[in-house]
Structure formats: C-alpha cells, structure tokens
Amino acid sequence: MPAETHVEQSPMSRAEVFALVRDRLSDILEIEASTINEGDSFQDDLDADSLALIELVEAIEEEVGERSVGFRIEDEDLEDLKTVRDAVDYVLARLD
Amino acid sequence: MADLTEFGPRLAELVGRAGHLPIVVDAMGGDHAPGEIVGGARRAFEQLGIPIILVGRPDAVGDRGEVPLIEASEAIAMDADPTTSVRRMKDSSLVRGAEAVRDGKASALVSAGNTGAAMTASLLRMGRIRGIARPAIASPIASPGGTPTVLLDAGANAECNPEWLIQFGQMGTLYSRLRFGVARPRVGLMSIGEESVKGNKLVKDVHKLMSEPGWLDHVDGRFVGNVEGRDLMSTDVDVVVTDGFVGNVALKTLEGALEGMVKALEGIAGGDPVILDAARRLHDALDPEQQGGALLLGVRGVTIISHGSSSAWAMTNAIGLAQEMVRSGFVEQLTEVARLTAADTTDATEG
C-alpha cells in the first residue's frame with residue numbers, strides 16, 4: 001500500500017475548528033466573534049448557560065457532521081466542556 | 001414561496017387560497033395520538049380549508065384522506081427527556097416538523113406532544129429571534145367578562161433572570177394586542193402582594209426594571225405593577241409575567257381547580273338538569289382546550305403547543321390558532337420589536 005494512504009489528514013485544522021466554534025458562539029450569544037478567545041470559560045467569561053451550550057453543540061454537530069459522517073458530541077461529555085479550548089480539543093479528538 | 005408540488009395539487013390549491021404556507025401538524029404527539037390528532041387535522045383541512053401537512057409514521061397515522069404527510073420514523077414520548085430526545089431522535093415527528101418550518105415548507109408547527117421537546121425542537125431547528133434571550137410559553141387564561149389574560153412564562157424556563165422577564169412582558173403584550181385586539185395591554189408582574197416590596201428577589205428586581213419608563217414603548221403596553229394569582233381570571237390585567245416555574249404551577253392549579261369545581265357542582269346538582277347544564281357550560285367557558293393551545297414566543301416560526309390530552313376538536317382549534325398567528329405576522333413584528341429594542345440598548349450604551 002503506498003505510504004501516502006497511511007497519512008490520515010484531519011478534515012479540519014485547529015484554526016478551522018476554533019473559527020467554527022467562535023462563529024457559532026458569536027451567533028448564539030449575539031456578541032462580536034473577535035471578542036471570543038480560546039481560553040474563555042463558557043460560564044464565567046461568556047455568560048453562556050446550558051441552553052446556549054446545547055445550541056452550540058447542535059450547530060457544531062450539524063456543520064462538522066457534513067464533513068465527517070457520524071460525528072457527534074455525547075451528552076455525557078458536555079459537562080467536561082468548560083472552555084472554548086475544551087470544545088475545540090474535543091472536536092479535534094473526535095475527528096482523529 | 002417554497003416548492004410544495006411533492007405534497008400534491010390539493011395542498012397547493014389550499015395554500016393559494018389561504019395565502020400562507022401549510023401548517024405542519026405532529027401526528028404522533030399527544031395522549032390520543034395519532035387518532036384524535038389526525039381527526040382534527042382532517043377536519044381543519046377538509047372542512048375549513050386550512051393547508052396542512054401531517055408529520056409522523058405512515059404505518060401509524062391511518063386514514064388521513066387527502067392530507068399530505070412528511071414521513072418521520074420516530075416519535076418522542078410524552079415523558080422523554082426533551083433535550084436528549086430532540087438531539088438524538090433526528091427522524092422524530094417533532095424534529096421533522098420544526099425542520100419543515102425552518103426549511104420554508106411550512107409556516108407553523110402544531111403539537112400536542114411533549115411540551116419541553118416541542119420547545120427544544122423549535123428552538124434548535126427554527127432558532128431564536130435575534131435579541132430574544134429565551135423563548136417563553138404564553139398561555140391564555142379565560143377571563144369572564146373580558147378578553148383572556150395572557151400568562152407567561154407558562155413553563156418553558158423554570159429559572160429566569162430579570163432581563164428575561166422584561167422580554168416576556170414585551171412578547172406577551174404584542175401577543176395580547178395581535179391575538180385579542182387589546183389596545184395598550186396592561187402588564188402585571190406576578191407576586192404575593194401588590195406592594196413593590198413584596199415578593200422574592202427575582203420579583204423585586206424585575207419590579208424595579210419594569211418601573212422604569214420606556215420598556216413597553218415598542219409594543220404599546222403599560223405596566224400596572226404587581227398582581228396576584230387571583231387576578232389571572234380578572235379583567236384588571238391583560239398580561240401576567242412570571243417565571244416558568246410559577247407560571248406552570250399557576251396554570252395547573254387553575255386547571256385542577258376548574259375540574260374540582262365542576263365535579264362539586266355536579267355532586268350537589270342531585271340530577272337537576274339545569275345545574276348539570278350550568279356545570280357543563282362552566283367547564284366549556286373556562287376549559288384551556290377552548291383557547292386552542294399555548295404559543296411559543298421568541299422563535300423564528302409559529303409553534304403552538306396544544307394540551308397533551310387534546311381531542312380532535314381541540315386540535316382543530318389549535319390549527320385555527322396557528323393560522324391566526326401566521327396571518328397576524330406575529331413573528332415578523334416581534335423580530336422588529338427585538339431589533340428596535342436592541343438599537344435602543346446600543347444607543348443608550350454609546351450615548
């Protein structure tokens with residue numbers, strides 16, 4: 001088997017995933033995307049409540065699902081997503 | 001307007017006549033689904049000429065006459081967890097119904113199913129109106145001698161912050177005006193006394209905000225202070241604002257009290273046909289089913305949440321209400337109110 005077929009490329013880069021999370025959060029929370037940073041806490045910095053997080057994961061599932069069939073964010077994992085970085089890391093790990 | 005040819009010529013004809021997109025009806029939701037739901041939808045379609053699309057399992061729906069169907073393989077149970085169900089049952093009748101509105105195939109969704117799931121599906125699929133923090137359920141309460149009182153939130157948000165209640169007041173005022181034709185609706189804040197010092201922290205904080213001028217200007221309403229539970233059926237107030245926990249308790253208390261009152265009246269009637277007739281008429285006059293259902297305010301579409309025990313007759317009423325709200329332009333007007341309110345906030349911040 002040719003070597004290049006072993007190289008599995010992530011369908012999305014870290015920058016793309018961050019941009020996706022940031023833009024969806026911007027829509028949901030109605031704040032400027034440029035004010036959202038990777039280190040921001042959903043609750044403490046962005047004032048995002050549980051419903052906003054559900055809106056976010058639904059939006060991410062829909063968009064990432066179009067590029068990676070079967071992609072989903074498990075309900076039991078939601079409480080581990082405390083920051084924007086957590087969400088980006090989670091999506092990237094699931095895409096690996 | 002969306003291409004509806006897949007649903008047959010009869011629907012297209014009714015859409016043309018009604019001047020609005022079809023109303024999608026969740027055939028699988030409710031204690032008496034799908035039989036009573038389909039019966040009510042057929043009556044609205046065949047006798048009233050309202051354009052309708054049912055959504056549900058083809059093998060379960062039964063004889064639907066000429067009413068078209070969007071196929072959905074799953075049904076969310078009445079007692080299922082709303083968020084998990086909506087997230088995981090993508091091919092459920094509620095999710096498919098909300099998507100039909102989102103995708104421009106329908107103008108409204110009517111369901112007698114799981115209230116929380118109907119709200120979640122509408123929120124996640126149709127989306128919130130920009131500027132609206134939380135959707136709320138508005139439930140009309142019969143008010144003998146006057147127009148019904150709009151109670152909100154009747155159960156969508158058990159815990160609220162003060163700003164959400166301000167928006168509930170604005171949304172309820174617009175609803176009271178458009179649905180019941182009330183000029184300058186009187187808005188009251190539910191508390192345990194009329195005095196502003198009474199109530200819990202939320203009520204006191206909201207009272208302070210509601211006492212500020214201007215917050216009802218874009219919907220043309222007026223704040224009349226605190227009201228109590230006993231005012232719900234009075235003619236002294238048109239819109240009663242509260243959080244979803246208190247609102248739902250108040251609504252269910254009223255329903256239970258009505259049933260108890262009617263039973264008591266029947267008990268003392270001793271077979272007297274006059275009293276029995278009065279009991280029946282009392283029930284009919286105050287029965288929540290008479291009101292057609294509750295409207296979910298704040299999402300980008302009309303969602304009517306009908307009583308779980310809805311009969312075919314109640315479903316026809318709910319469908320009629322959905323049509324009324326589509327024609328009133330409620331969603332479009334609320335979108336404009338939210339835009340104007342956001343602009344006010346921006347001006348105040350920059351000024």
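**From one bridge to the sheet**

In this predicted model, B:Asp26 has B:Val55 as its bridge partner in S2(B). That pair belongs to two strands of chain B, S1 (residues 23-26) and S2 (residues 52-56), which run parallel and are joined by four bridges. Strands of a sheet pair through backbone hydrogen bonds, either parallel or antiparallel.

The wider arrangement comes next. S1 and S2 of chain B are part of an open sheet of eleven strands, with mixed pairing and the order S3-S2-S1-S4-S11-S10-S5-S6-S9-S7-S8. At its edges are strand S3 (69-71) and strand S8 (222-227) of chain B, each of which pairs on one side only. On average, neighbouring strands of this sheet are turned by 25° against each other, direction ignored.

Helix H6 (residues 115-126) of chain B touches strand S4 (108-111), strand S10 (294-297) and strand S11 (302-305) of chain B. The direction of H6 makes about 175° with that of S11(B).

The last topic is the contact between the chains. Chain B and chain A each contribute five residues to the contact. On the side of chain B that touches chain A, the largest share, three residues, comes from helix H4 (residues 82-88) of chain B. By residue class, that side of chain B has one nonpolar, two polar and two charged residues.

Key
Residues numbered from 1 in each chain as written. Chains lettered and ligands numbered in written order. Predicted model: local features only at pLDDT ≥ 70, side-chain atom pairs only at ≥ 80, totals over all residues. Contact = placed C-beta atoms within 7 Å. Nonpolar A, V, L, I, M, F, W, Y, C, P; charged D, E, K, R; others polar. Pairing = 2+ DSSP bridges. Axes fitted to C-alpha atoms, helices over the stretch in contact; angles between N-to-C directions.
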